[in-house]
Amino acid sequence: MAHTIHDTNTQIRDRAVLVSLVTDEVKRSGINPEHSLQELVSLAETAGVEVLDVISQNRDVPDVRWLIGKGKVEELRVSIDSAQANTAIFDHDLSGAQVRNLEQSLDVKIIDRTQLILDIFAQRAKTREGIIHVELAQLSYLLPRLSGHGKNLSRLGGGIGTRGPGESKLETDRRHIRSRIGDLKKQLEAVIKHRKLYRGRRQKSGAIQIALVGYTNAGKSTLLKQLTSADVYIENQLFATLDPTSRTLELPGGSEVILTDTVGFIQNLPHDLIAAFRATLEEANEADLILHVVDASSPMRDEQISVVDSILEELGAADKPQLILFNKADICTKEQLEMLPAGPGYLKISALNQDDLLLVRQEIQNRLSGGILTFRIPPEDGNTMAMLYRVGDVIGQQAEENDMIYKVKVHKPDYEKWGHMLASYLVRD
């Protein structure tokens with residue numbers, strides 16, 4: 001059976017009508033339907049789609065056949081014809097049967113929220129690991145929906161929903177897809193094994209690891225670039241960063257840490273992607289400190305913080321030490337700034353302000369510091385003296401009787417790893 005790939009190099013742009021359904025379940029979930037729909041607009045524009053119209057409906061429960069009601073389907077058809085759209089994008093996951101029914105009724109390409117996000121990921125993934133993760137997530141999404149995506153997969157013209165493995169014609173059967181998923185998982189195991197070895201070497205070297213996390217487009221990559229002069233892609237788009245980037249960050253005291261940027265989080269992030277990118281997001285799990293970057297100017301700031309906290313909990317990183325950076329303070333109103341939490345654990349900054357960047361470096365150093373400890377060490381014990389420099393900054397030393405007395409400003413993560421080797425030399429008050 002041939003595996004045919006369409007040519008997606010086309011000048012035909014997706015022109016879409018967006019559809020939102022607000023059900024009782026959505027209301028109970030705490031998801032803000034208006035914010036979700038605004039986010040869908042941003043996602044569509046990020047994918048290169050021209051948004052022509054937006055339609056919403058309130059129902060107690062979704063319609064089994066079309067998701068939205070029959071009358072709303074007719075309203076959607078009129079909107080599509082009037083705007084000359086070629087795509088309908090739903091702010092919900094659709095079953096294969098619903099896709100098939102909607103295609104038959106509307107005669108346009110049907111895309112749901114998950115497929116749209118996967119399509120953006122397919123455009124943005126650059127590293128081998130990222131590409132494997134995305135294809136695996138796309139195929140896992142496609143497999144149970146094969147019977148419902150006939151026109152989506154065979155419709156000529158390319159565009160959203162047809163990149164990556166989605167370009168395959170419907171003749172690609174389940175057996176072929178399952179085989180490909182198996183191959184991808186084997187490749188991924190090798191990549192993850194390599195990443196674990198690299199991470200293990202970093203841990204053995206005693207390198208302190210800090211992870212940048214946050215809602216998509218909060219400014220994490222800009223902060224990484226400004227703090228470390230990293231050459232990273234920065235754009236005012238959702239999911240501008242997919243592949244983790246690690247750089248060395250020098251703190252005011254001269255010590256160095258590893259700072260890693262991670263993929264941005266989003267409301268209703270597809271479960272396949274959470275699973276697929278778990279290895280990538282494990283940077284947060286392995287971190288000694290998490291920098292949670294928040295777009296302080298966003299009207300949905302609190303909801304976005306909640307989304308990030310929920311995903312960190314799902315990843316098992318909720319208990320990690322965390323510093324919240326309210327970014328983009330330079331474009332906030334006075335009222336917005338006054339409403340932000342203040343005190344230990346919070347900073348109001350602009351990633352473009354050098355004084356703020358110095359403040360971030362200093363606060364990182366303070367958060368990693370475990371205070372000042374005193375050690376008494378025989379002058380001939382060179383190995384133990386060297387260990388002092390591994391666990392912190394030596395800020396004073398003097399000879400006393402036959403020993404050397406050292407005062408050390410310890411780094412919490414390093415002292416937790418190596419401090420047991422110094423316990424017998426510690427001078428206790």
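Trainee: Does Arg-428 count as buried or exposed?
Mentor: This is a predicted model, in which local features need pLDDT of at least 70, side-chain atom pairs count only at pLDDT 80 or more, and totals for chains, interfaces and linings use all residues. Residues are numbered from 1 along each chain as its sequence is written, and side-chain values use heavy atoms, with hydrogens and water left out. Buried means under 20% relative accessible area, exposed over 50%, and partly exposed in between (1.4 Å probe, protein chains only). At 63% relative accessibility, Arg-428 counts as exposed.

Trainee: How many Å apart in space are Arg-428 and Phe-375, C-alpha to C-alpha?
Mentor: Arg-428 is found in the segment after helix H16 (412-418); helices (H or I, at least four residues) and strands (E, at least two) are DSSP runs, numbered from the N terminus. Arg-428 and Phe-375 are 53 residues apart in sequence, and from C-alpha to C-alpha their separation in space is 8.8 Å.

Trainee: How many residues of H6 are buried?
Mentor: Helix H6 covers residues 128-142 and reaches 21 Å from its first C-alpha to its last, close to the 21 Å expected at 1.5 Å a residue. The expected span is 1.5 Å times one less than the number of residues in the helix. Among the buried residues of H6 are Ile-132, His-133, Val-134 and Glu-135. H6 is largely enclosed by the rest of the structure, because of its 15 residues the number buried is twelve.

Trainee: Which residue forms a salt bridge with Glu-135?
Mentor: A salt bridge is a side-chain nitrogen of Lys or Arg within 4 Å of a carboxyl oxygen of Asp or Glu. In this pair the closest N and O atoms are 2.9 Å apart, and the partner of Glu-135 is Arg-180. Arg-180 lies in helix H8 (residues 174-204) and Glu-135 in helix H6, so the pair ties together parts that are 45 residues apart in sequence.

Trainee: Which residue meets Asp-295 in a salt bridge?
Mentor: The N to O distance is 3.5 Å, and the partner of Asp-295 is Lys-328. Asp-295 lies in strand S8 (residues 289-295) and Lys-328 in the loop between strand S9 (322-327) and helix H13 (334-339), so the pair ties together parts that are 33 residues apart in sequence. Asp-295 is buried, with a relative accessible area of 13%; also buried, at 18% relative accessibility, is Lys-328.

Trainee: What is the N to O distance in the salt bridge of Asp-81 and Arg-77?
Mentor: Asp-81 and Arg-77 both lie in helix H3 (residues 70-83), four residues apart, about one turn of the helix. An α-helix has 3.6 residues a turn, so residues three or four places apart point the same way. Asp-81 is partly exposed at 45%, and Arg-77 is partly exposed at 29%. The side chains of Asp-81 and Arg-77 meet with an N to O distance of 2.8 Å.

Trainee: How many salt bridges does the structure hold?
Mentor: Glu-39, Asp-91 and Arg-113 are linked in a network of salt bridges. For the structure, the number of salt bridges is twelve.

Trainee: What is the relative accessible area of Glu-401?
Mentor: Glu-401 is found in the loop between strand S12 (392-400) and strand S13 (403-411). Its phi is near 55°, a positive value in a residue other than glycine. Glu-401 is exposed, and its relative accessible area is 74%.

Trainee: What value is phi of Gln-84 near?
Mentor: Gln-84 has its place in the loop between H3 and strand S3 (87-90). Gln-84 is exposed, with a relative accessible area of 62%. Its phi is positive in a residue other than glycine, and the value is near 60°.

Trainee: Where is Gln-57 placed?
Mentor: Gln-57 is buried, with a relative accessible area of 14%. Gln-57 and Leu-21 are 36 residues apart in sequence and 5.0 Å apart in space, C-alpha to C-alpha. The place of Gln-57, within residues 50-58, is strand S2.
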